[in-house]
Amino acid sequence: LESQALPPTVQAIIQARIERLDGPARRMLERAAVLGREFDLAVLAAINDSAEDLQRALAHARNQDLIYPVRTDLRPTYRFKHVLTQVAVYAGLSPVERKALHARVLRSMEVEYAAWTEEAVEAFAYHAMHGELWEEAVRYNRQAAQKALARSAFLEAGLAFEHALAAHAH
């Protein structure tokens, strides 16, 4: 997301919509933006301050047409209506906030997806890197690289190995 720059006018318009939300709804969207365009409700709940605030915040953001539920057979999931909304919310976070939220997301995902670590290893690696949790970043990026090699995704494997080396340098 950091590499996707929005034109200032688009950023300002989206930011104005976000500022109309109450505090819990804004905080919920910030956390959701760190999770990605589509986000698992269980992980969001794990990094949110209170379950009651989360339900109100979700309803408020849905009423403002910013997010919507996605039908899945496995877990309750939501999605930002527009990727630009997610990018703008994420861009509004300070680097310190982003780092802290990515670390919290990783810790929550490690618990929520404990049985699915292999399936979610790329997400673990992503959040470990952005949360600057270097030991975990090395481990998860190596696992993601090995997973990619197993399916002959050599470019993806190379990138994951590069990320593991970069994390190892820390």
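Helix α2 (residues 23–35) is the element that gives the most to the lining of the largest cavity, contributing 3 residues; helices (H or I, at least four residues) and strands (E, at least two) are DSSP runs, numbered from the N terminus. The model is predicted, so to speak of local features requires pLDDT of at least 70, side-chain atom pairs count only at pLDDT 80 or more, and totals for chains, interfaces and linings use all residues. Residues are numbered from 1 along each chain as its sequence is written, and side-chain values use heavy atoms, with hydrogens and water left out.

A search of the whole structure finds 1 cavity of 30 Å³ or more. On a 1 Å grid over the protein atoms alone, a cavity is a set of points where a 1.4 Å probe fits but cannot get out, while a pocket is an open set with protein on both sides within 12 Å along at least five of seven lines; lining residues have an atom within 4 Å of a point. The largest cavity has a volume of about 40 Å³, a volume being the space filled by probe spheres set on the points, which are joined across faces, edges and corners. Its lining consists of Pro 24, Arg 27, Arg 31, Asn 48, Asp 49 and Asp 53.

Of its 18 lining residues, Asp 40, Met 109, Tyr 113, Ala 120 and Ala 123 lie nearest the centre. Two or more residues come from each of β1 (38–40) and α7 (117–130), and α7 gives the largest share, 5 residues.

The second largest pocket has a volume of about 240 Å³. Here too, α7 provides the largest share of the lining, 5 residues.
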